[in-house]
Amino acid sequence: MITPAIEAGQLTVSYGGRRVLDHVSFAIPPGSFVAVLGGNGAGKTSLFRTILGLNTPEQGHVLVEGQRFGKGRMPVGYMPQMRRMVAGQLSGWHMVAAALRGRVWGVPWYSAAERAEVNAALNAVDAWELAARPVMSLSGGERQRLLLAQALLDHPRILLLDEPLASLDPARMRETTRRIHDLARERGLTVLFSTHDINPLMGFMDHVLYLAHGKALLGNVDEVMTTPALTALYGAPVEVVRADGRLFVVADGGADTLHCCDCAEHTR
Amino acid sequence: MFAYEFMCTAFVAAFLAALVCGPVGWFLVLRGQSFASHALSHVGFAGAAAALLWGEPAFLGFGLSAVLSGMGMGVASDRFVGRDVMIGLVLSLAMGTGALCLHFLTHSAGAATALLFGDILGIAPSSLYWLGALAIGCVMGLAVMSRPLLFASLQPEVAEAKGVNLRLLDVLFLALVGIASAMCSQITGVLLVFTLMVAPAAASLRLGFGPMQGMAAAFALALFEAWGGLCLSWLTDCPASFWIALLGSVVFAAANGIAHLRGR
């Protein structure tokens with residue numbers, strides 16, 4: 001039997017006094033590209049933080065490659081949601097390099113091998129032209145590429161990408177997804193890719209992990225993105241509409257046409 | 001100028017202060033904690049005034065109170081975020097306590113001025129041993145922690161996920177800031193710690209150096225300001241702290257100009 005890349009068993013997690021994951025169980029096959037969907041507050045970031053060991057579950061467990069790794073020892077690259085960039089006046093290269101063996105005590109002086117590793121990560125995401133530029137002069141999408149390069153350092157086998165498409169225009173969304181997908185295939189990585197909008201991932205993802213109301217549903221697109229499946233998950237009538245090769249999820253009675261898959265959260 | 005022992009002592013003390021203030025200041029500015037050096041120097045002022053009142057060396061009181069406060073800020077860092085009113089009140093209370101101690105301090109009339117505006121020419125040669133030991137300790141401490149500190153400063157969430165202890169680094173770093181503030185206050189006084197700790201570091205960052213070169217440049221600029229201030233003070237008979245503050249502003253403006261010309 002193949003050991004899952006990530007396995008959650010009866011996982012229960014609270015955030016801000018609210019239970020965001022309630023006895024959730026799933027197993028992510030290794031090497032798969034998984035879209036983690038759900039509205040704001042559905043528990044996507046909490047799930048990632050729990051996998052990384054930054055949140056302690058109230059109940060249940062989460063295993064990475066069948067093991068409980070100590071904090072910082074798991075083979076996971078993490079790209080958090082882009083918030084304030086402290087790096088500001090430092091160059092893109094130095095921002096990425098800061099994560100290379102960043103937990104090791106000593107001075108931030110990089111050997112030739114370490115510099116080559118940083119360069120390779122930048123090249124892998126086509127960000128070499130950003131290396132010399134100050135981070136504060138970069139656009140949101142360019143900063144996202146640097147964060148992705150950072151997540152690739154130290155040879156991870158699993159990538160947790162928290163909203164990597166945020167602040168990108170639709171053309172860039174598709175291009176970024178393709179880049180991540182190709183990279184993951186080339187390196188045999190398991191990818192958990194959280195997003196509000198499933199459409200830029202169509203054709204790339206192997207599975208969908210849909211989070212709503214503390215529950216989770218894992219399966220391929222045709223299994224999860226159906227009216228009966230999401231209605232059961234939300235516990236209320238939800239309709240999945242396919243149009244022009246795109247998916248829309250609307251709450252029953254929702255009059256607006258919404259371009260994302262989680263509008264059930266918004267119209268409720 | 002170098003025929004006088006007090007001037008030689010002042011130049012060595014300024015070198016030691018710049019050696020610490022440059023690299024520590026570089027991290028302070030990078031982390032957006034410039035205000036911490038200002039805050040710790042205020043708290044240090046109260047400690048120094050209390051030490052003088054009890055007949056102990058001002059530097060000892062300054063150092064102890066600044067280091068302990070720095071560590072306290074590190075432990076309670078989450079609770080200080082967005083609490084500008086509380087921080088302002090603590091600073092005011094510290095300054096008020098310092099003023100009270102100085103009021104009762106009748107045997108050292110010039111102490112208040114020396115504490116507030118610095119008295120680099122009054123540093124005893126024997127103090128250089130203490131300053132030297134502190135400088136070496138600070139630089140070594142920062143060297144040991146600078147790699148994880150850089151990671152934690154730039155990407156705290158990722159650093160935490162990779163096993164970096166953010167709280168421990170906060171506490172250790174702010175303790176170093178406390179020591180650096182104490183050393184810097186010997187040169188510039190409590191009110192002008194900002195000039196030697198923040199201005200050179202901010203200028204260095206504006207010039208776009210990487211971490212190691214940036215810390216070295218911050219040290220070089222701090223040394224330029226401190227030694228330049230001493231020389232100008234000697235030539236003009238004006239306080240060294242004034243010249244250091246002025247040079248700090250000039251250096252920062254020049255760095256901004258260079259950065260602008262380079263399109264940064």
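Buried means under 20% relative accessible area, exposed over 50%, and partly exposed in between, using a 1.4 Å probe and protein chains only. This is a predicted model, in which local features need pLDDT of at least 70, side-chain atom pairs count only at pLDDT 80 or more, and totals for chains, interfaces and linings use all residues. Residues are numbered from 1 along each chain as its sequence is written, chains are lettered from A and ligands numbered from 1 in the order in which they are written, and side-chain values use heavy atoms, with hydrogens and water left out.

View 1. Helices (H or I, at least four residues) and strands (E, at least two) are DSSP runs, numbered from the N terminus. Helix α7 of chain A spans residues 227-234, and its buried residues are A229(A), L230(A), L233(A) and Y234(A). Seen down the axis of α7(A), these buried residues fall within an arc of 120 degrees, so they line one face of the helix; the arc is that of the directions from the helix axis to the C-beta atoms. On the face turned away from that buried side, look for the exposed residues P228(A) and A232(A). The N-terminal end of α7(A) is capped by T226(A), with a side-chain oxygen 3.2 Å from the backbone nitrogen of A229(A). After α7(A) comes G235(A), with a positive phi near 70 degrees.

**View 2. The surroundings of R145(A).** R145(A) sits in helix α4 (residues 140-151) of chain A and is buried, at a relative accessible area of 10%. Its side chain makes a polar contact with the side chain of E129(A), at 3.4 Å. A polar contact is a pair of N or O atoms within 3.5 Å; within protein, one must be able to donate a hydrogen and the other to accept it, and residues adjacent in sequence count only if both atoms are side-chain atoms. Leaving aside neighbours within four places in sequence, residues in contact with R145(A) (heavy atoms within 4.5 Å) include V125(A), L130(A) and R179(A).

**View 3. Where chain B meets chain A.** Here 33 residues of chain B are in contact with 35 residues of chain A. The two chains bury about 3100 Å² between them, 60% of it on carbon and sulfur atoms; this is the accessible area (1.4 Å probe) that two parts lose on being put together, summed over both. R147(B), E157(B) and K162(B) supply 26% of the area that chain B buries against chain A, more than any other three residues.

**View 4. Salt bridges across the interface.** The rule finds 2 salt bridges between chain B and chain A, each a side-chain nitrogen of Lys or Arg within 4 Å of a carboxyl oxygen of Asp or Glu. E114(A) pairs with R147(B), with the closest N and O atoms 3.2 Å apart. R49(A) and E157(B) meet at 3.5 Å, N to O. R49(A) lies in helix α1 (residues 44-51) of chain A and E157(B) in helix α8 of chain B, so this pair joins two chains. Both R49(A) and E157(B) are buried.

**View 5. A salt bridge within chain B.** D170(B) and R31(B) meet through their side chains at 2.5 Å, N to O. D170(B) lies in helix α9 of chain B and R31(B) in the loop between α1 and α2 (34-53) of chain B, so the pair ties together parts that are 139 residues apart in sequence. D170(B) is buried at 13% relative accessibility, and R31(B) is buried at 15%.
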